[in-house]
Amino acid sequence: MISIGIDAGAATTKAVVLRENEIAAYTIIPTGFDFRKAGEAAYREVLSKCSTGDSEVGKILATGYGRSSIGFADKTISEITAHARGVGYLIPAAHTIIDIGGQDSKVISIENGKVVDFLMNDRCAAGTGKFLEYTAKALEISLDELGMLAEVSKNPAKISSMCTVFAESEVISLRAQKTKKEDIAAGLIESIILRTTSMVKKLGIKPEVAFVGGAAKNPGIVKALEKALDIRIKLPEEPQITGALGAALFA
Amino acid sequence: MNDKIVENDIFLKSLDFFKDAFPGRINQILKSKEEGKKIVGTLCLYVPDELIYACGADRVILCGGRSAPIEAAEEYLPRNLCPLIKSSFGSVIDQKCSKTKSCPHFGLVDLIVAEATCDGKKKMYELLNQYIPTHVMDLPQKPENQNALEYYIKELESLKDVLEKLTGNKITEAQLKNEIKSANKTRKLLHAIYELRKKDSPPIRGTEMLKVLQQMHFLSPDEFRKNLVLLLDELKVKKRENIGPRIMISGCPMASGNTKVPEIIEKRGGMIVVEESCTGTRAFWDLVDETKEPMRALAERYLKIPCACMYPNNRRIDQILKLAGDFNVGGVVYYTLQFCHGYNIEKYRVAEALKKAGIPLLSIETDYSAADTEQIKTRVDAFLEMLE
Ligand code: SF4
Ligand code: SF4
């Protein structure tokens, strides 16, 4: 028997297959407009990846923003609980999780894979993946390029707007003032890091610190976060699947 | 999202009395107004009801908990202002239904007795005064100061004059004592109900209790008390089994129409057992000393309300810790309205104190819109999963 965890995120849907407590397969696909369709697609895909049929599937657990749309799941849990469990499995020494996702960002204190406390920013796009996505567009570069560019900056620009919409126009006026692209990129990353570190500090930082979510795949952001927190950060091999993994572990 | 509310949940019949009372109350006010009775509107617990009733006037609460009037209010008030203030003001100026204002009770009010609490309300009262005569009572901002009590008594004396002028009646000591006695009876009944909520199987949910307390300053005191007696009787024989984590709500008031957060908490499986709020314990906790000179006794009681507009406000933190212990609370949901600086800033010290006491805290800052419902559900789910 296998169990499956599905993380129906706002930007991407992730699925993990767990066989005898080991990850047998995983997949990450764009969510698009319909959580349910994306959930089904991720389910099909992850099953075919480990050449398994429906009959072998035991429990299915859904998590993430769209968890309730995954009608074929046996149960749902919040992504905060799921990430804690998933990270606890991959990095047993982790006590703090930083998750910068597409739609929100959160910091979770954990003890043996269990949530002890958490903070979440979900009211606006500031400090989330969306912030970088939009502002990178104003620079006409991709997210990956943004991270790489930022690394070569010697003089990060000061981005004072927390609000994504205003930050976008700030970027445009910085460009008009002929500020170097890499400095703007570094400034944008600094701004998102500032939001995140203030949450981390509020909650209290306890090593090891694990970084998950889409932004953790961006080396520029990882470096900036390590610098700001003055700490080495642990990255799971695939930082985007800890929620789905946690859900599968609960199944 | 699938809600997890327990199946076979019990039904409290007496709650319908509170629910059904609304139209009757409006008619009753209309009738007594025709007979010459003056109607006073209030927006805060610092205004003693007892004085209003002792003067032969009637009182309705004007605090707005609905989002509908906010749009109209934003033509006058800044967007980044507490929704309670905007909603209350919006009810006055939005004249959709008739010449009388959109909100049925605003149109009935002869005088608003307001109070100097938060900046947003104070400034809103200046505008409100252009529509309905508004008397703003001053409050000592440092209620523990030596002369605070004397000052507040003076303000109550002026309020007494204002009310006497409005109604043409004199407030006698006997009448005032009478009103104090009745109000204390109501407070004691609420204490008795809250006592039952301390049990392992509390008979009443937070969402139900909230709807009762939202009627407290709207119904006539007699009717409210009569309904409380019926409720208490029913609660004595009912209980709720298999309740989820025991939750305390602490923070901003939830004016009538605003039930979003408690509803999410209880639908997701939590059980609210106490609320440190103006639609909760702050509304009835302290009694008025019936043995003392009534104006002084009133002043003493009302100054004790631990509102975040006051400085210092350690008494609120002490109260939160005490309630958490007495009601065997598993976690606290700190509820604030957006742009309510008092309660939002005070959150830091409350969080510190709760952390020290080992009580988990979830903070939710929101407004009257439904836009953040799903996000709140995620946090509440995670919080409840953490407490389980
Ligand atoms: S929170 Fe403060 S200002 Fe608001 S009703 Fe309560 S006592 Fe009055
Ligand atoms: S909730 Fe806060 S800002 Fe709003 S009226 Fe009450 S004290 Fe003022």
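Modeller: Between domain 1 of chain A and domain 2 of chain A, the count is zero salt bridges, a salt bridge being a side-chain nitrogen of Lys or Arg within 4 Å of a carboxyl oxygen of Asp or Glu. This is a predicted model, in which local features need pLDDT of at least 70 and side-chain atom pairs count only at pLDDT 80 or more, while totals for chains, interfaces and linings use all residues. Residues are numbered from 1 along each chain as its sequence is written, chains are lettered from A and ligands numbered from 1 in the order in which they are written, and side-chain values use heavy atoms, with hydrogens and water left out.

Colleague: Which residues make up domain 1 and domain 2 of chain A?

Modeller: Domain 1 is 2-82 + 242-250 and domain 2 is 95-235; such bounds come from an automatic or database domain assignment. Six residues from domain 1 of chain A and nine residues from domain 2 of chain A take part in the contact, where contact means heavy atoms within 4.5 Å.

Colleague: What makes A:Ser78 count as buried?

Modeller: Buried means under 20% relative accessible area, exposed over 50%, and partly exposed in between (1.4 Å probe, protein chains only). A:Ser78 has 0% relative accessibility, and therefore counts as buried. Its neighbours by contact, leaving aside residues up to four places away in sequence, are A:Thr63, A:Arg67, B:Thr378, B:Asp381, B:Ala382 and B:Glu385.

Colleague: Which residue does the side chain of A:Ser78 meet in a polar contact?

Modeller: The partner is the side chain of A:Thr81, at 3.1 Å. A polar contact is a pair of N or O atoms within 3.5 Å; within protein, one must be able to donate a hydrogen and the other to accept it, and residues adjacent in sequence count only if both atoms are side-chain atoms.

Colleague: Why is the pair A:Arg67 and B:Asp381 called a salt bridge?

Modeller: The closest N and O atoms of A:Arg67 and B:Asp381 are 2.7 Å apart, and the definition asks for a distance within 4 Å, so the pair qualifies. Between chain B and chain A the count is one salt bridge.

Colleague: How much area is buried between chain B and chain A?

Modeller: About 1600 Å² is buried, 49% of it given by carbon and sulfur atoms. Buried area is the accessible area (1.4 Å probe) that two parts lose on being put together, summed over both. B:Thr378, B:Arg379 and B:Met386 supply 33% of the area that chain B buries against chain A, more than any other three residues.
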